[in-house]
Amino acid sequence: MPTQTPSVAKAKWLNKIKWDEHGLVPVIAQEAGTNNVLMFAWMNRDALYKTVELGEAVYWSRSRKKLWHKGEESGHTQKVLEIRLDCDEDVVLLKIEQAGGIACHTGRHSCFFNKFDGDAKEGDWQAADPVLKDPETIYTEAKKQ
(Lines give C-alpha, C1' and ligand atoms only; values in the text may rest on other atoms or scores of the structure.)
Protein backbone atom coordinates (compact mmCIF):
# COMPACT_ATOMS: atom_id res chain seq x y z
CA MET A 1 0.00 0.00 0.00
CA PRO A 2 1.15 3.53 -0.69
CA THR A 3 2.58 5.69 2.05
CA GLN A 4 -0.02 7.95 3.61
CA THR A 5 0.06 11.64 2.85
CA PRO A 6 0.82 13.89 5.85
CA SER A 7 -2.83 15.08 5.89
CA VAL A 8 -4.09 11.50 6.20
CA ALA A 9 -1.55 10.66 8.90
CA LYS A 10 -2.78 13.64 10.97
CA ALA A 11 -6.50 12.85 10.58
CA LYS A 12 -7.23 11.49 14.07
CA TRP A 13 -10.81 10.55 13.15
CA LEU A 14 -9.38 7.73 11.01
CA ASN A 15 -7.90 6.14 14.16
CA LYS A 16 -11.37 5.26 15.45
CA ILE A 17 -11.76 2.68 12.68
CA LYS A 18 -10.57 -0.89 13.26
CA TRP A 19 -8.62 -1.51 10.06
CA ASP A 20 -7.86 -5.13 9.17
CA GLU A 21 -4.34 -6.60 8.96
CA HIS A 22 -4.02 -5.19 5.41
CA GLY A 23 -5.07 -1.69 6.50
CA LEU A 24 -8.52 -2.04 4.94
CA VAL A 25 -12.10 -1.68 6.11
CA PRO A 26 -15.20 -3.12 4.37
CA VAL A 27 -17.55 -0.49 2.94
CA ILE A 28 -21.22 -0.77 2.01
CA ALA A 29 -22.65 1.73 -0.47
CA GLN A 30 -26.35 2.28 0.25
CA GLU A 31 -28.58 4.40 -1.94
CA ALA A 32 -30.11 7.34 -0.08
CA GLY A 33 -33.89 7.38 -0.32
CA THR A 34 -34.43 3.74 -1.31
CA ASN A 35 -31.91 2.27 1.17
CA ASN A 36 -30.95 -0.30 -1.49
CA VAL A 37 -27.50 -1.76 -0.96
CA LEU A 38 -25.77 -1.06 -4.27
CA MET A 39 -22.31 -2.43 -3.69
CA PHE A 40 -19.61 -3.62 -1.33
CA ALA A 41 -15.98 -2.53 -1.57
CA TRP A 42 -12.88 -1.81 0.51
CA MET A 43 -11.19 1.38 1.65
CA ASN A 44 -7.83 2.14 3.15
CA ARG A 45 -7.11 5.31 5.13
CA ASP A 46 -6.24 7.28 1.99
CA ALA A 47 -9.45 6.21 0.23
CA LEU A 48 -11.68 7.23 3.14
CA TYR A 49 -9.84 10.53 3.58
CA LYS A 50 -10.18 11.26 -0.17
CA THR A 51 -13.88 10.32 -0.03
CA VAL A 52 -14.46 12.92 2.69
CA GLU A 53 -12.33 15.46 0.86
CA LEU A 54 -14.06 15.01 -2.54
CA GLY A 55 -17.59 14.19 -1.37
CA GLU A 56 -17.53 11.25 -3.81
CA ALA A 57 -16.70 7.61 -3.13
CA VAL A 58 -13.08 6.57 -3.52
CA TYR A 59 -12.27 2.93 -2.83
CA TRP A 60 -9.14 0.79 -2.61
CA SER A 61 -9.00 -1.62 -5.53
CA ARG A 62 -7.40 -4.82 -4.30
CA SER A 63 -6.99 -6.15 -7.84
CA ARG A 64 -5.39 -2.94 -9.20
CA LYS A 65 -3.64 -2.19 -5.89
CA LYS A 66 -4.51 1.50 -6.13
CA LEU A 67 -7.15 4.06 -5.21
CA TRP A 68 -10.24 3.82 -7.40
CA HIS A 69 -12.52 6.85 -7.72
CA LYS A 70 -15.88 5.17 -8.37
CA GLY A 71 -17.05 6.14 -11.84
CA GLU A 72 -13.63 7.25 -13.08
CA GLU A 73 -14.09 5.06 -16.18
CA SER A 74 -17.89 4.68 -16.39
CA GLY A 75 -19.00 8.12 -15.26
CA HIS A 76 -21.20 6.49 -12.61
CA THR A 77 -19.83 8.35 -9.62
CA GLN A 78 -21.25 8.13 -6.12
CA LYS A 79 -22.00 11.39 -4.32
CA VAL A 80 -21.54 10.74 -0.60
CA LEU A 81 -24.28 12.26 1.55
CA GLU A 82 -23.42 10.58 4.85
CA ILE A 83 -20.75 8.29 6.29
CA ARG A 84 -21.48 5.97 9.20
CA LEU A 85 -19.37 3.59 11.24
CA ASP A 86 -20.91 0.43 12.72
CA CYS A 87 -20.99 -0.39 16.45
CA ASP A 88 -17.83 -2.53 16.28
CA GLU A 89 -16.08 0.25 14.36
CA ASP A 90 -15.00 -2.17 11.62
CA VAL A 91 -17.52 -1.54 8.78
CA VAL A 92 -18.23 1.75 7.02
CA LEU A 93 -21.60 2.60 5.48
CA LEU A 94 -21.84 5.25 2.78
CA LYS A 95 -25.23 6.80 2.05
CA ILE A 96 -24.88 7.81 -1.58
CA GLU A 97 -26.56 9.22 -4.65
CA GLN A 98 -25.66 7.01 -7.60
CA ALA A 99 -24.98 8.90 -10.83
CA GLY A 100 -26.75 7.35 -13.81
CA GLY A 101 -28.58 4.85 -11.58
CA ILE A 102 -25.92 2.22 -12.30
CA ALA A 103 -23.51 1.05 -9.60
CA CYS A 104 -22.42 -2.29 -11.05
CA HIS A 105 -19.87 -2.79 -13.82
CA THR A 106 -22.38 -5.21 -15.39
CA GLY A 107 -24.69 -2.27 -16.16
CA ARG A 108 -27.14 -3.03 -13.36
CA HIS A 109 -28.44 -0.76 -10.62
CA SER A 110 -26.90 -2.90 -7.87
CA CYS A 111 -24.05 -5.39 -7.67
CA PHE A 112 -26.42 -7.67 -5.72
CA PHE A 113 -28.47 -8.83 -8.70
CA ASN A 114 -28.02 -12.59 -8.26
CA LYS A 115 -30.81 -14.16 -6.19
CA PHE A 116 -30.77 -17.69 -4.80
CA ASP A 117 -33.76 -19.70 -5.98
CA GLY A 118 -34.77 -23.20 -4.88
CA ASP A 119 -33.70 -25.48 -2.07
CA ALA A 120 -30.36 -26.51 -0.59
CA LYS A 121 -30.14 -29.61 -2.79
CA GLU A 122 -31.00 -28.24 -6.22
CA GLY A 123 -31.08 -24.47 -5.87
CA ASP A 124 -29.04 -22.06 -7.94
CA TRP A 125 -28.33 -18.37 -8.45
CA GLN A 126 -30.49 -16.48 -10.94
CA ALA A 127 -30.05 -12.95 -12.28
CA ALA A 128 -33.03 -11.14 -10.73
CA ASP A 129 -32.39 -7.59 -11.95
CA PRO A 130 -32.12 -6.35 -15.53
CA VAL A 131 -29.09 -4.85 -17.24
CA LEU A 132 -29.92 -1.14 -17.57
CA LYS A 133 -27.12 -0.40 -19.99
CA ASP A 134 -24.72 -2.64 -21.88
CA PRO A 135 -21.37 -2.46 -20.04
CA GLU A 136 -19.46 -2.26 -23.32
CA THR A 137 -21.46 0.84 -24.22
CA ILE A 138 -20.85 2.39 -20.79
CA TYR A 139 -17.08 2.08 -20.99
CA THR A 140 -16.85 2.95 -24.70
CA GLU A 141 -18.84 6.15 -24.16
CA ALA A 142 -16.77 7.10 -21.10
CA LYS A 143 -13.49 6.74 -23.04
CA LYS A 144 -14.78 9.10 -25.77
CA GLN A 145 -15.37 11.90 -23.26
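Helices (H or I, at least four residues) and strands (E, at least two) are taken here as DSSP runs, numbered from the N terminus, and two strands are said to pair if DSSP finds at least two bridges between them. The model described is a predicted one, in which local features need pLDDT of at least 70, side-chain atom pairs count only at pLDDT 80 or more, and totals for chains, interfaces and linings use all residues. Residues are numbered from 1 along each chain as its sequence is written, and side-chain values use heavy atoms, with hydrogens and water left out.

Strand 7 (residues 114-117) and strand 8 (residues 124-127) run antiparallel and are joined by four bridges. N114 has A127 of strand 8 opposite.

Elsewhere, four strands form an open sheet in the order 2-1-6-5, with mixed pairing. Its edges are strand 2 (37-43) and strand 5 (78-85), each of which pairs on one side only. From one strand to the next, the twist averages 25°; axes are lines fitted to C-alpha atoms, for helices over the stretch in contact, and angles run from 0 to 180 degrees between N-to-C directions. Strand 5 is joined by seven bridges to strand 6 (residues 92-98), and the two run antiparallel. R84 has L93 in strand 6 as its bridge partner. Across strand 2 and strand 5 lies helix 2 (residues 45-54), running at about 120° to strand 5.

Strand 6 also holds Q98. Q98 counts as buried because its relative accessibility is 10%, where buried means under 20% relative accessible area, exposed over 50% and partly exposed in between (1.4 Å probe, protein chains only). Leaving aside neighbours within four places in sequence, Q98 is in contact (heavy atoms within 4.5 Å) with L38, H76, T77, Q78 and A103. The Q98 side chain reaches the backbone oxygen of H76 at 3.0 Å.

Finally, there is the largest pocket, lined by 24 residues, of which M39, R64, W68, K70 and H105 lie nearest its centre. A pocket is an open set of points on a 1 Å grid over the protein atoms alone, where a 1.4 Å probe fits, with protein on both sides within 12 Å along at least five of seven lines; lining residues have an atom within 4 Å of a point. Strand 2 gives the most to this lining, with four residues.

Methods
Polar contact = N/O pair within 3.5 Å; in protein donor to acceptor, adjacent residues only side chain to side chain.
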